[in-house]
Structure formats: C-alpha cells, structure tokens
Amino acid sequence: MRPARRQFRYESTESLKMALFQIRANKTRSFLTALGVIIGIVAITMMGTAINGIDRGFDKSLAMLGYDVIYVQKSSWSTMGKWWLFRNRPDLKVEYADQLNRIITDDPHSELQIAVPQMSTYQATASYKDKTLEQVFSLGTTHDYLQTASGALSAGRFFTLTESAGSDMVGVVGDDIASALFPNESALDKLIQLKNQKVRIIGTFRKQGKFLGLFSFDNQIIMPLGAFEKIYGKNQFTTIRVKIKDQSRIEPAKEELLGLMRRIRRLEAGQEENFSINEQKAFKSQLDPIKNGIAIAGIFITGLSLFVGAIGIMNITFVSVKERTREIGLRKALGARRRTILLQFLIESVMICLIGGVTGLGIALLITFAIQIIVPDFPVQFSPDLVLASILVSVITGVISGLAPAVTASKLDPADSLRYE
Amino acid sequence: MTNNSIIIMQSLCKFYEMGDQVVRALDSIDLDFKLNDYAAIMGPSGSGKSTLMNIIGCLDTPTSGTYELNGQQVADMDDDELARIRNREIGFVFQTFNLLPRLNCLRNVELPLIYAGVSPEEREMRAVEALKQVGLGDRITHKPAELSGGQIQRVAIARALINKPSIILADEPTGNLDTATSIEIMKIFSDLSKAGNTIILITHEEDIARYTRRIIRLRDGKIESDSRQ
C-alpha cells in the first residue's frame, strides 16, 4: 500500500499546484466565481453573528431578572397572552411575603432565602417643576428589595427599614428618570410629584439598559410599600419576589415555594393553583422558539445565496473541463487514472470555495467590528465555531459544486479528448 | 512470432456503430512488433491507422481479438489498468505536441513520473537527463511558448522517453513541422532506434516513413502490405 499512498500524495500535490496555477491564470474568472461564495459566506456568518448576538443580549437581559430570584404572581409568564386563564384568580396580598419569611426562617433546610413583596404600576406619571414623564414604572417594596434585584446605585442610598416601616415618602429612581427630570443637576433631595403626593429622591440607580428591548430598568421609581399605597391605592399588581439560596437548586426551590403558597392560600390537595410561580427561564422557553425560527429562516435564506454561488462554481468548472479537454486527454495518455482527474477538478473547485470562504469570513469580521464600533448596542458576536463552520461549509460547497464536472472530466475518453479542438 | 515480440495482435477488430451502420475501422488485424522494431504505419485517412494507434497506445480497446503488450493481455483491461499500462509501457509523441503551456520544460517532461509515483527529487533528475538526451539541456526552465516547433517536439520526445517505455508511439510527429525540422526530429527517432528503443510511427508522408525499417500499409481496416527495408 505504501507506493500507492506515495503516488496519491504526489498526485494531490500536483493537483493542488495545477489548481493554484489555474486560479492565477484566470484571475477575473476565479474572482467572479468566488464572489458567489464570498457573498454566501458573508451572509451566513453575519446571520450567525446576529443569532449569537441575540443570544447574548438575551442572556444579559435574563441576568437582570436574576437567576436566583423566582416570582409569585397572579399570572404565568410562560402562557403570556392568555390573560383569561388568570383573570378570575384572587389577587396576591403583600402579607404573603411576611408569612413566607416566617416559615423560611423557621426551617433551616429551606431552599428559600427571603421573600420580598412588591406592588407596581406601569402607568405612573412623574413630574418636577414643568417637566413631566409618562409611563413610568412605579414600584412599592421593602428595604429588602435590593437582595432580590440587580442594579447598583450611582448616588445616594436605598431606603432603610425605618423608612420602609414608617411609609416615608422617599424614593430611588432609575437613570432615565434622573437624567430626564434633572438634566443638569443632582436628583438627590429633590421632591418629585407622583399623582397628588410628593416623594423625595434619596438615591439614583446606575444605568442598566433595557430588558429584551421591551422594558427598561432605568425607567422605574422605587419607594416603600406604604408610600406606594398612599399614592396609588391598595389595588395594584402584586408580586412576591423570592430569592433562593442556591441557583443550581432552582427546581426544588420552586417545589418548596409552591407548597408554601398552597398552604398560605389554603388549597386542598388536588385543587388547582390560583397563583403562578415564575422564573426567568419562562422567558427563555417563550423566546427560544422565536429565536430558533429566526435562525432557521435566516440560515435558509442565506443558504440560498450560497447555493447560487455553488451553481456558479459548478458552471465554471464545467466550462473549465470543456476548455481543458485536451489536457485531460493528455494526462490520461500519460497515465493519469480516473480518480486523479476527479481529484484535480475537485481540488480546484474546493480551492475557489475556500478562497471565497476565507475572504467572506474576513469581510464578515470587518463588518462585525464596524457594527460594534458604530452601534455598540446592536448585538453581534463572532465566535471561533462560526469560523470553523464557514470554512467547513466552503469546503462542502466546493465538493458539491465540483463533483458533477469532475466526474464528467474523469469519464472522458482519452482518445477523443486528445483530438478535441 | 518469436518470444522477443513486444506486441502481438491476433484477429483484432474494432467496429463502430454509426446509426444503423457498422463501420469496420479495423478488420481482423494480425500484427506483431519485435523488440527494437522501427516501424511506420501508413494509410489514407479512414484507413484505420488512427484507430490502430489508439489501440496500440491503450487509449482504446478492441471490439474483439487479442492484444498482448510486453507479455500482458490488455484487450480487456479496465480504465485504471490501462492508465497504468500507458504510464509504464508507452511513450506518446503527438502531432500537436500537447505540452501544457503553463508548465516549463522540466515540469512537462516529469508529468508521467508523477502518475508513476516517483519522488520529486528523482523526477527532476530524470527529467533533466531526458532533456539533455534530446539536446535541450539548456532550455530546462523555458516554457513551450518560448521554444520553436522543433524544440517543442523534442521536449515531447523527452517526455515520451522519461518512463523508459517498451514502445514509443508517435502520431504524425512531423505533421506540424517544416521539412528541415522534420529531418531533425526524424534523426532523433533514428538515434533512439539505434539505442535499442522500439518505435512505431503513424504517418502519411512517404519521406518520413523512409526513415524506418518497416512500413505497414492499411486500407479499409485491413493490412494491405507489411514490408521490411
């Protein structure tokens, strides 16, 4: 077998050299042919980076919700839109948080750490002097809130147990509110108007960004529950935020919370829950199908452009076989076997595809950098997997598009080919 | 037929179907060539000499009959076996030279050795040797476009010689050359014959055939005459 392997090596080297010769000898043609692959690979890698970016933006957003916080609410996140299912459920009460905390602290084996009540409205209006902000997210909670939420303060402080218990009219605002109402001055100690009450700002949050581009954490104002009730009344949307001890044990934690909530709600065995336990994973399961849909559609569409490129290569390789019929005849006369000829044309089309693929990859990389510089918020992410995948795709494209012409070439009759004009 | 025959053909036939007609390109050919034969195959166009050359050169297989080349039955070999035979046993010289224009002389000459699995170092050594043999030792790195017709054909002869074939098969080797260059090329063939090579020429020129020691005339797929001189 050894001489055969050596022969294969020499023949492949020769084919590789000839392929490079051929590409160099027909620069314009090779470039135009490779262009199809370049465009295809750029499209596919850009699609890939976009999908990667969406993924990353997604994880960033989900991290804002906290991987170790679960939420007891009237409705479920994973069946959003089906509000009628939850409409007749009784509202949650903020007192549940105290009841939960009593049970949790009594049980050393509990998976849960702390429960924090929260009332909120999306419809708040905040004003200061002649400036008014609509659609502010107003939130009432206790001083324990920060244990269950992401976000650091950029100035001032959060409210204390005393302020919380005393229902003091103080609040901490998000960065958007602070910069909109107080563009040129500090927001601290200012009194902002919420409905017919005034709330003193004691702290501001650092900018956090939007959650999935839908909801902004920078557009909220957080105050003690008592203060919130004084302004908006008791009938606002209630959430119990529950922090768990170990985020890897989220499932048993959810089980435990479910049991506790059933106890508090006094549900009989077999009776259906009239509350929902939500976690950030629900968003993932909601959005994953959408993301996958985008990915499949995107890859299909961009794959079409690569397919067109492949047809171009097939076409040009057929032309090349036709043009070099005599050369094929000669090589066969000198002892080239079928697979030698097959290999030669395959290598040629793979080379063109590889050159196109690497060029396309370079262009995609440049575009990605450009996007990151011009629009830093736009989620694009280049990965080594993507590089590998596109090189693999180029090679496969080369083999697929070169196969038919190469087989044709390998089957040419040597005597006829030698006489071909 | 003695045991120093290098080619033995018996009742060799090649038929082509053209529509519903059968063309008998070669009809029951019995022919043998001995070691160091220097023969010319002659005949008008359509006589079957190209077909005969293709079969001798293992570029084509006969419809029926036997063909033994250097002790090997080649009539029913498959494509890859034929490729091997062409590589090892036959050195081709063509009317149209058939050098690859992109490659220099050295690369053109070493081409058969690539398909024989010879290492790059040995290939180069042997190619230089073969080029020297045809008097082109100083044109090694030239490309075909930089050479005259006679020089190109000498490169082709060097290529035919490089794998030390059993026979050198030349198809109208002087067809594209002027008289002076033709004489020069035929002198090379004569020298190669004197050196012990077996050479078969296909030609329609009497002047060229006269250089050989044996003339085989074909007509309508049959041997009309076979004379040694």
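In strand β7 of chain A, the bridge partner of V170(A) is R200(A). This pair belongs to the parallel pairing of β5(A), residues 170–173, with β7(A), which runs over four bridges. Here and below, two strands pair if DSSP finds at least two bridges between them; strands are DSSP runs of E with at least two residues, helices are runs of H or I with at least four, and both are numbered from the N terminus. The model is predicted, so to speak of local features a pLDDT of at least 70 is needed, side-chain atom pairs count only at pLDDT 80 or more, and totals for chains, interfaces and linings use all residues. Residues are numbered from 1 along each chain as its sequence is written, with chains lettered from A and ligands numbered from 1 in the order in which they are written.

Two residues separate β6(A) from β7(A) in a hairpin, and K195(A) in the turn has a positive phi of about 50 degrees.

Taken as a whole, chain A holds 12 helices and 12 strands. Its radius of gyration (taken over C-alpha atoms) is 33 Å, whereas a compact globule of 421 residues would have one near 22 Å; the globule rule is 2.2 Å times the number of residues to the power 0.38. The C-alpha atoms of chain A fill a box of roughly 100 × 60 × 40 Å along the principal axes.

Helix packing in chain A can be followed through α10(A), residues 338–374. Helix α8(A), residues 280–323, packs on α10(A) at an angle of about 140 degrees, and the two axes are 11 Å apart. Axes are lines fitted to C-alpha atoms, for helices over the stretch in contact, and angles run from 0 to 180 degrees between N-to-C directions. The two helices α8(A) and α10(A) are therefore oblique to each other, given that angles under 35 degrees count as roughly parallel, over 145 as roughly antiparallel, 65 to 115 as roughly perpendicular and the rest as oblique. Their crossing is right-handed; the near helix is turned clockwise from the far one by less than a right angle in this case, and anticlockwise in a left-handed one. On the α8(A) side the contact is made by I313(A), T317(A) and V321(A), and on the α10(A) side by F345(A), E348(A), S349(A), I352(A) and C353(A). Residues are in contact if their C-beta atoms, placed from the backbone, lie within 7 Å.

The other partner described here is α11(A), residues 384–410, whose axis comes within 7 Å of that of α10(A) and crosses it at roughly 150 degrees. This crossing is right-handed too. The contact of α10(A) with α11(A) contains 18 nonpolar, 10 polar and three charged residues; Ala, Val, Leu, Ile, Met, Phe, Trp, Tyr, Cys and Pro count as nonpolar, Asp, Glu, Lys and Arg as charged, and the others, Gly among them, as polar.

Turning to chain B, there are seven helices and 10 strands. With a radius of gyration of 17 Å, close to the 17 Å from the globule rule for 229 residues, chain B is as compact as a globular protein of that length. The C-alpha trace spans about 50 × 40 × 40 Å along the principal axes of chain B.

One open sheet of chain B has six strands in the order β6-β7-β8-β3-β9-β10, with mixed pairing. Strands β6(B), residues 90–93, and β10(B), residues 222–228, are at the edges with a single partner strand each, so one side of each has no neighbour in the sheet. The twist from one strand to the next averages 15 degrees. Within this sheet, β3(B), residues 38–42, runs parallel to β9(B), residues 214–219, and four bridges join them; A39(B) is partnered with R214(B) of β9(B). Helix α5(B), residues 149–161, lies across β6(B) and β7(B), at about 170 degrees to β6(B).

A second open sheet of chain B is antiparallel, with four strands ordered β2-β1-β4-β5. Five bridges link β1(B), residues 5–18, to β4(B), residues 64–69, and C13(B) has S64(B) as its bridge partner in β4(B).

Between the chains, 21 residues of chain A are in contact with 19 residues of chain B. Helix α1(A) gives the most to the side of chain A that touches chain B, with eight residues.

Methods. Contact = placed C-beta atoms within 7 Å.
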